[in-house]
Amino acid sequence: MNTDPEIGGSQAVKAQLRLREMILAGELPAGARIAELAIVERLKVSRTPIRAALMRLEQEGLLEGLPSGGYAVRTFSERDVSDAIELRGTVEGLAARLAAERGVAAVVLAEARECLAQVDAVLREPALDDEAFLRYVTLNRRFHLLLSEMAGSGLISRELERVVSLPFASPSGFVVMQSNSPQARDMLIVAQDQHRQVLDAIERREGGRAEAIMREHSRIAQRNLREAVQSPHLHQLPGVRLIRHR
């Protein structure tokens with residue numbers, strides 16, 4: 001078994017993405033209990049990364065813990081997902097405004113700039129392969145955690161932690177048609193520009209602008225949700241058959 005923490009973390013994120021896709025595609029239907037050993041065998045990944053992936057998907061709101069142990073796939077509607085994404089944009093917008101108004105330590109701003117520089121390096125390629133997409137997900141999560149930290153409010157951080165546990169409200173829970181397509185890369189470039197714009201607004205102490213950018217940022221996920229649900233080729237798109245109309 002591999003004991004390198006970075007490799008183990010990478011395997012956990014990869015397993016998380018694959019399990020999320022299986023849930024969205026209906027391979028793991030709503031209400032289904034997750035058999036850990038079956039997932040280990042199916043994904044050919046050891047139990048430790050699988051357990052970490054399952055915990056992260058519970059945090060994202062796709063799985064729910066069972067009293068007897070283990071997890072089951074949660075049931076949710078298109079409206080649930082849309083409302084959760086909207087709520088995340090509202091709370092992150094508040095965090096960005098408070099960060100701009102209160103000021104942020106230079107060391108945290110420098111860490112955020114370095115994080116975005118690493119995202120730029122990932123997005124230089126004309127299309128993303130699985131490893132590049134995995135890297136983007138990790139860096140994107142880090143930037144949003146830094147944004148929460150910038151508000152300087154334990155209350156806001158706790159609320160954001162609660163909000164991102166709702167289905168698909170996680171910044172890393174966005175839906176893409178094909179993670180390695182040029183279209184997916186284009187969408188991520190737009191999101192990256194918004195990352196840079198909100199950081200600029202925070203540094204310039206422009207609270208209203210910072211809040212508006214993060215509200216708009218969440219609408220990328222809203223657009224992806226609508227396109228995924230309305231696509232006439234839904235049956236051909238693994239990983240985007242996510243919300244069934246009820």
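Helices here are DSSP runs of H or I with at least four residues, strands are runs of E with at least two, and both are numbered from the N terminus. With that in hand, the chain reads α-β-α-α-β-β-α-α-α-α-α-α from the N terminus on, which comes to nine helices and three strands.

A bit of housekeeping: this is a predicted model, so local features need pLDDT of at least 70 and side-chain atom pairs count only at pLDDT 80 or more, while totals for chains, interfaces and linings use all residues. Residues are numbered from 1 along each chain as its sequence is written, and side-chain values use heavy atoms, leaving out hydrogens and water.

Of the 246 residues in the chain, 48% are buried (under 20% relative accessible area with a 1.4 Å probe, protein chains only; over 50% is exposed, and in between is partly exposed). Take contacts (heavy atoms within 4.5 Å) with a separation of 6 or more: 75% of them join residues 24 or more positions apart.

Now for the inside. A nonpolar core is a set of buried Ala, Val, Leu, Ile, Met, Phe, Trp, Tyr and Cys residues joined through side-chain atoms within 4.5 Å. The largest one has 36 residues, and Met150, Val198 and Ile202 touch the most other members. Helices H1 (5-24), H4 (78-102), H5 (106-123), H6 (130-150), H8 (182-203) and H9 (207-230) each put in at least two residues, with H6 giving the largest share, ten. Leaving aside residues up to four places away in sequence, Val198 touches Ala96, Phe143, Ala210, Ile213 and Met214. There's also a second, separate core of 24 residues, with Val45, Ile50, Tyr71 and Val73 among them.

Next, look at how H4 and H6 pack. Their axes (lines fitted to C-alpha atoms over the stretch in contact, with angles from 0 to 180 degrees between N-to-C directions) come within 8 Å and cross at roughly 55°. The two helices are therefore oblique to each other; under 35 degrees would be roughly parallel, over 145 roughly antiparallel, 65 to 115 roughly perpendicular, and the rest is oblique. Arg88, Glu92, Ala95, Ala96 and Ala99 of H4 meet His144, Leu147 and Met150 of H6.

On the H2 side the contact uses Glu36, Leu37, Ile39, Val40 and Leu43, and on the H3 side Arg47, Ile50 and Arg51.
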